Each structure stands twice: as structure tokens, then as C-alpha cells.
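Please read them with the structure open beside you.

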Protein chains: 2
Amino acid sequence: MESAAVPPSEERRRDAAATRRRLLEAARDLFAERGYEGATVRSIAARAGVNQALLFRYFGSKRGLLAEVVALGGLEQLRATPPEELFETALRSMLTRSAEEAEDRSLEVYLRSVGRGDEAAGTLRELGEEYQSVLAGLSGAPDGALRADLAMAWLLGIGLMRTVVAREPLAGADPDEVCRLVLGTLSHLWAETGDGGA
Amino acid sequence: MESAAVPPSEERRRDAAATRRRLLEAARDLFAERGYEGATVRSIAARAGVNQALLFRYFGSKRGLLAEVVALGGLEQLRATPPEELFETALRSMLTRSAEEAEDRSLEVYLRSVGRGDEAAGTLRELGEEYQSVLAGLSGAPDGALRADLAMAWLLGIGLMRTVVAREPLAGADPDEVCRLVLGTLSHLWAETGDGGA
DNA sequence: TACCGTTGTAAGCAGCTGCTTACATCCGGG
DNA sequence: CCCGGATGTAAGCAGCTGCTTACAACGGTA
């Protein structure tokens, strides 16, 4: 069947596994750049250098492709990150120009794809709920889940302003500086009593 | 058959001004509900109860319609609100189920429409910059504009999570409760020195 | 060598998009 | 009255969408 060994230095000319991988990477990047609806199957296939019919052969539908992208890039990485590091990790991944070698761009996909009565919504909702449940454990308050939602709202909002709106000064700000401001402020959210904040 | 729900002795049967207004209201609502790309000219015309060709006669293009919606609903209202009330006003409009009688839904339009490599981006950018310049005056810090961007990011993020993702507990939370948490926390952002936050 | 499943390709489907065109119909002013 | 612009309508354009189909070419196996 499949000779497990990777070809020494030559690419096989017919390689289903490599084609699948190329499609997944192209889809990950295009979903992140243009959102689910904005990335067409033709553009994904073109970036992968592959005939678009193969996309449907390997993933069944465009939505199937999205599900696999989110499962690989988002959910796996999320489950591998300790809860107390999750927010800062996610924030920094939002703040870092994902020029090259970005494994997980699922939050970009998320914020560029929600907003319509999409079919993408269902697939992305699961990812959002995982984030919520992890962040909810960070506050001792009984309304931890609400505060987690608010924290995630800020995270998404910052990503929206930075990578989508791309407006100065946020777009070009030093990630460390932004992290300091946001994390410093958010520490008050976890402790906020709501009786005036002072 | 087609007499529809037209009051017998009230409206003129051919009224360009009324038709324009109906189109503007339908566009405002559909842009807010589905985003610029998601709202089709056919759906807008249908909701307005108007032939879609009239949309192009009165506004030239779909984008021209958007520009007028934003100018009327967003910019006018923004300029009429005192700076120190702007954030809370905008936050509350995000938190209030805009079931009926919502004059200004421009922030909903904004957050559902950014994210695509849209043609809508240019029109909406102006609105965002107005918000930024007003909010930037609220902090005495030299990086006031950055903090304004961060505040607006939270505002948009909350709107995104509440009206788009619509996930509990944020979606159903008491607006007053959310306002208290957010405003209490944000007061620290205006004062945050960045040397630890505590 | 002959075979046959796997991999890749070209073309086309119906349905939607923003927008245009050619044509009815109304209604006020001569 | 009756004409002409304002208003409303139906049909259709080219281009795009996700997806399917029929077919060609490869390459391991018997």
C-alpha cells in the first residue's frame, strides 16, 4: 500500500496524502485571510496547486474542509495549552504577525467567519465553547463564565481591530506593550466586584 | 389580490421619498443582521416591498446604499453624543436587544461587515476612525489612541459575542450587570501604568 | 504484459450575485 | 383633454458560487 518511508529526496508525482495536506494548509490560510465565505473552493484549490474536484473527493464539502482545519489547528492546540496560559497565548498569537509558520490560525478564522447566518457557525461554535469553559475556571467568582465571555470578547475584538481593521496605533503596536495593558487591566476583571471598582 | 397592506386613504401610491426611506430602513436592518455581503440587494428590496431596480436608481449601487446608511445612522448619532458618554452609550446599544425602534445599528453593521476583503471596508473605516478620535481624548496618557483602540476592541468584541455568536451567558446577561463589569474594569485601563497593574 | 483501482483533470450543472435594460403605468401641468 | 417626466416593473445580463460528472493517466500487482 503506502510505503511508510518518505521518498528520499524526490516527490512522488501522485501522492494523495501530500495533496490532502496541501489543501488543508491552503484552506487554513485562506479561511484566516478572507473568512469562510470569502475563501472560495477555487481559490483554495488554486493556492494548493490542485484541481478543485479533489477538494470534494477528500473532504466531501467545503464545510468538511473547515471542520478538519478547525479540528487540527484549533482544538488540538487548545487542548495542549495549560488554562492559565491560554489567554496570553491566544492574545500573543493574535498580536504576532502571522507571516510564516503559523500552525494555529483558528482564531483568525473564527473572527473572520462569524457574522453571518453561516453554515460555518456550527463548526466554529464548538471551538468557542472550548475556550469559554477553559477561561471560566480562571475566576473564582460565581459569574466566571460571564467574565470568561467578556475576556474572550476582548480577545476577539483586539484580533478584529488588529488583523482585520488594521488601524493604527493598534495594528503596529508592540505586542509586549499591548499584552501588558490588556493583562494588567484584565486582572481587575477577574477580581472586579461591581460595586464601583475601588 | 395585490392590494396588500396599504392603508386605503393614507399613503400616496407613487412616492419616491417614501420608497427611498423604506429602502434605507430595510438596508439598515439587513446589513446589521447579515453583514454587508450577506444582505443581498434582492433581500433588501423585498423587505422594503420595492422593486430592486429602484435601489439602483436611488442609490446607484449597493455600496452607495451602505454609505448612506452609515452616514445617517452612524455618523450623525456619533457626532451628537458627548465624548464622555460615547462608550457607555455604544455599549448599551450593543447590549440592548434592538428589537424595535433602533435608530442606529451602525456598530452592528460594522462588526458583521468587517472581516471580508470587502469593498465595504473603506466606507466603514471612516466610522471607526471617528469613534477612535473621540475615545482617544478620554485618557490623559500619551498612548491614549492605543487605549482607545483597545476600548473599542472590547466594545466590538462584546457586540460580536453577544449579537453574532449569541452564546450564553453573555447573550442573556443583564445589560446593567455587564455595563458594571466592563466600565469598572475599563476605568483601570485609562489609569493603567503598565508596571504590573497592582 | 495486462489489468484495475487510485489519482488527477476538464467541463458543466443549477443557483445565486450586483446591475442594466426595455417597457408599463401614474399623475401634474399645458 | 393629452402629453411628458417621474415612478414602478419584469426580464435578462455576465460572472461567480459550491458541487458533480465523465474521463484520462498513472502505477502497483498478478
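Predicted model: local features only at pLDDT ≥ 70, side-chain atom pairs only at ≥ 80, totals over all residues.

1. The surface near DNA strand C is made up of 8 nonpolar, 6 polar and 8 charged residues, where Ala, Val, Leu, Ile, Met, Phe, Trp, Tyr, Cys and Pro count as nonpolar, Asp, Glu, Lys and Arg as charged, and the others, Gly among them, as polar. A residue is taken as near a strand if one of its heavy atoms lies within 4 Å of it. In total 22 residues surround DNA strand C, and the closest are R14(A), R57(A), T40(B), Q52(B) and K62(B).

2. Residues are numbered from 1 along each chain as its sequence is written, chains are lettered from A and ligands numbered from 1 in the order in which they are written, and side-chain values use heavy atoms, with hydrogens and water left out.

3. The largest share, 5 residues, comes from α3(A). Helices here are DSSP runs (H or I, at least four residues; strands are E, at least two), numbered from the N terminus.

4. Of the atoms of DNA strand C within 4 Å of the protein, 46% belong to sugar or phosphate and the rest to bases. Individual atom pairs include a side-chain N or O atom of Y58(A) at 3.1 Å from a phosphate oxygen, a backbone N or O atom of V41(B) at 3.0 Å from a phosphate oxygen, and a side-chain N or O atom of R42(B) at 2.9 Å from a base nitrogen.

5. Around DNA strand D there are also 22 residues, of which T40(A), Q52(A), K62(A), R14(B) and R57(B) come nearest. Sugar and phosphate account for 47% of the atoms of DNA strand D that come within 4 Å of the protein. By class, the surface near DNA strand D has 8 nonpolar, 6 polar and 8 charged residues.

6. Base nitrogens of DNA strand D lie 2.9 Å from a polar side-chain atom of R42(A), 2.6 Å from one of Q52(A) and 3.5 Å from one of N51(B). Two or more residues of the surface near DNA strand D come from each of α2 (41–48) and α3 of chain A and α1 (16–38) and α3 of chain B, with α3(B) giving the most, 5 residues.

7. N51(B) also caps the N-terminal end of α3(B), with a side-chain oxygen 2.8 Å from the backbone nitrogen of A53(B). Just after α3(B), G60(B) takes a positive phi of about 80°.

8. In chain B, the axes of α1(B) and α4 (residues 62–79) come within 9 Å and cross at roughly 95°, the axes being lines fitted to C-alpha atoms over the stretch in contact, with angles from 0 to 180 degrees between N-to-C directions. The two helices are therefore roughly perpendicular, a term for angles of 65 to 115 degrees. Residues making the contact (heavy atoms within 4.5 Å) include L23(B), A27(B) and F31(B) of α1(B) and L65(B), V69(B) and L72(B) of α4(B).

Definitions and conventions
Polar contact = N/O pair within 3.5 Å; in protein donor to acceptor, adjacent residues only side chain to side chain. Parallel < 35°, antiparallel > 145°, perpendicular 65-115°, else oblique.
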